[in-house]
Amino acid sequence: EFKRTTGTVNLNLVGCTTDGSFSYRAPAGLTVNIIIDPVTTLVTVIDAVDKSVIQGARVLVTAAAGGPLTEGATIISAVSDVNGQASDSRTLASDQPITGKIRLSSTPGSLYKQGNISGTISSTSGFSTTVQMIPDE
């Protein structure tokens with residue numbers, strides 16, 4: 001039973017197949033995304049000098065050529081949380097190459113050079129990286 005009546009709900013199903021053996025009903029204003037055996041893409045942002053986590057950094061990860069997603073498709077577009085992290089969970093038919101960048105420029109004392117991301121999301125185990133941002137003062 002869904003408690004929400006509008007918006008979007010992601011339903012992560014682990015160890016299931018799409019053989020039609022499950023069903024659901026949702027109210028007219030609710031979008032339900034069925035995600036079968038999702039993998040997580042996790043980016044952690046830290047300060048290169050003192051190794052502290054950086055909250056509030058803009059993280060953008062997009063699909064590169066060579067995977068099941070269209071090149072340029074957004075995978076993560078988020079601000080890092082109190083743990084310095086931004087993440088996404090989804091099902092991938094095969095491994096997905098990625099590229100991305102992290103930016104943070106605000107008040108003096110928290111200016112950083114752009115950080116870059118590259119790698120491949122495994123369709124079975126996901127992707128995790130820690131990006132060290134260099135202060136730019």
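Modeller: Leu 60 has Lys 101 in β7 as its bridge partner. The model is predicted, so to speak plainly about limits, local features need pLDDT of at least 70, side-chain atom pairs count only at pLDDT 80 or more, and totals for chains, interfaces and linings use all residues. Numbering runs from 1 along each chain as its sequence is written, and side-chain values use heavy atoms, without hydrogens or water.

Start with the two strands around that bridge. Strand β4 covers residues 58-63 and strand β7 covers residues 96-103. They pair in the antiparallel sense, over 6 bridges. Pairing here requires at least two bridges found by DSSP. A strand is a DSSP run of E with at least two residues, a helix a run of H or I with at least four, numbered from the N terminus.

Now widen the view to the sheet. β4 and β7 belong to an open sheet of 4 strands. The order is β5-β4-β7-β8, with antiparallel pairing. β5 (74-79) and β8 (115-121) are the edge strands; each has a single partner, so one side of each lacks a neighbour in the sheet. On average, neighbouring strands of this sheet are turned by 15° against each other, direction ignored. The axes behind that angle are lines fitted to C-alpha atoms. In general, strands of a sheet pair through backbone hydrogen bonds, either parallel or antiparallel.

Next, Asp 88, in strand β6 (residues 85-90). Asp 88 counts as buried because its relative accessibility is 14%; buried means under 20%, exposed over 50% and partly exposed in between, with a 1.4 Å probe and protein chains only. The Asp 88 side chain makes a polar contact with the side chain of Arg 90, at 2.7 Å. Beyond its neighbours within four places in sequence, Asp 88 is in contact (heavy atoms within 4.5 Å) with Val 39, Thr 40, Thr 41, Ile 75 and Ile 76.

Val 32 sits in strand β2 (residues 29-36). Val 32 counts as buried too, at 12% relative accessibility. From Val 32 to Val 9 is 23 residues in sequence, but 5.0 Å in space, C-alpha to C-alpha.

Finally, the whole chain. The protein chain has 9 strands and 0 helices. Of its 137 residues, 31% count as buried. Among its contacts between residues at least 6 apart in sequence, 55% join residues at least 24 apart.

Conventions: Polar contact = N/O pair within 3.5 Å; in protein donor to acceptor, adjacent residues only side chain to side chain. Axes fitted to C-alpha atoms, helices over the stretch in contact; angles between N-to-C directions.
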